[in-house]
Amino acid sequence: MANPNRDHEYLGKLQDYYTDYRSIPSYAVIGELLGMASKSAVSALVKRLTLAGYIEMTPDKRLAPTKRFFERELADFNVPAGMPAAANDAMSESISLDEYLMPRPSTSIIIKVRGDSMMNAGIYDGDLAVVEKRHAAHVGDLVVAIVDGEYTLKELGRDNQGYFLIPHNPDFSIIRPSESLEIYGVMVGLMRKYR
């Protein structure tokens, strides 16, 4: 019989499977994946995960992830970037990365950053910028703009000559449009993968 105390571990393995195959496996595959010999153990696990809100049954009787399936644990401690703090492995709540990074998914897009013109703002080549598509922005916002027909990610500035774009690298100059400057969207988040 499946051990309910291991449900978090089982859920993690199902999440890893979903990452690889973009589906929740069948009962038989769940049994093989989690080392459960009996179908009743798999059925009990599926029932517990369904009641907890991680998976659901579709109308065509397939298992599917719910919104909660994609939540990740959020530590109940902050990590100081200065002096070390006392270690504590406690996790107190969950967070959905989609909800955290994309408050408006229907108008959000992820854009891969190329170049180093924004490195002093902590935005590096290869980072993924989360951008909320909108045509209005405030001075000081980090924006994806279309300047003279080309896309760029910069800080929006304004002076008595009009709007301009500010890079965050001293090797780059301020960009003033010669013909047009259109705001494509405002950067609302940033992702970086280290390995």
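In the predicted model, glutamate 9 has a relative accessibility of 35% and therefore counts as partly exposed. Its salt-bridge partner is lysine 13, with 3.7 Å between the closest N and O atoms. Lysine 13 also counts as partly exposed, because its relative accessibility is 33%, a value that lies between the limits of 20% for buried and 50% for exposed residues. Both residues belong to helix α1, which spans residues 7–21. They are four residues apart in that helix, or about one turn. The pair is part of a network of salt bridges that links Arg6, Glu9 and Lys13.

Side chains of opposite charge can pair when their charged atoms come close. Across the whole structure, a search returns nine salt bridges. One of them joins arginine 62 to aspartate 60, where the closest N and O atoms are 3.4 Å apart. Arginine 62 is exposed, its relative accessible area being 57%. Another salt bridge is formed by glutamate 71 and arginine 68, with the closest N and O atoms separated by 3.7 Å. Glutamate 71 counts as partly exposed at 27% relative accessibility, and arginine 68 counts as partly exposed at 32%.

Helix α2 comprises residues 27–34, and within this helix Ile30, Gly31 and Leu34 are buried. Viewed down the axis of α2, the buried residues fall within an arc of 100 degrees, so they line one face of the helix. The exposed residues Ala28 and Glu32 are carried on the face of α2 that is turned away from the buried side. The cover over the buried residues of α2 includes helix α1, helix α3 (39–51) and strand β2 (63–65). Glycine 35 follows α2 and has a positive phi, near 70 degrees.

Strand pairing was examined for β5, β6 and β10. Strand β5 (residues 108–112) and strand β6 (residues 128–133) run antiparallel and are joined by five bridges. Within this pairing, isoleucine 109 has valine 131 of β6 as its bridge partner. Strand β6 is also joined to strand β10 (residues 181–191), again in antiparallel orientation, through six bridges. Here glutamate 132 stands opposite valine 186 of β10.

Leucine 101 is located in helix α4, which covers residues 97–101. With a relative accessibility of 14%, leucine 101 counts as buried, since the limit for a buried residue is under 20%. When neighbours within four places in sequence are set aside, the contacts of leucine 101 are Val130, Val188, Gly189, Leu190 and Met191.

Notes. Residues are numbered from 1 along each chain as its sequence is written. This is a predicted model: local features need pLDDT of at least 70, side-chain atom pairs count only at pLDDT 80 or more; totals for chains, interfaces and linings use all residues. Side-chain values use heavy atoms; hydrogens and water are left out. Two strands pair if DSSP finds at least two bridges between them. Helices (H or I, at least four residues) and strands (E, at least two) are DSSP runs, numbered from the N terminus. A salt bridge is a side-chain nitrogen of Lys or Arg within 4 Å of a carboxyl oxygen of Asp or Glu. Buried means under 20% relative accessible area, exposed over 50%, partly exposed in between (1.4 Å probe, protein chains only). The arc is that of the directions from the helix axis to the C-beta atoms. Contact means heavy atoms within 4.5 Å.
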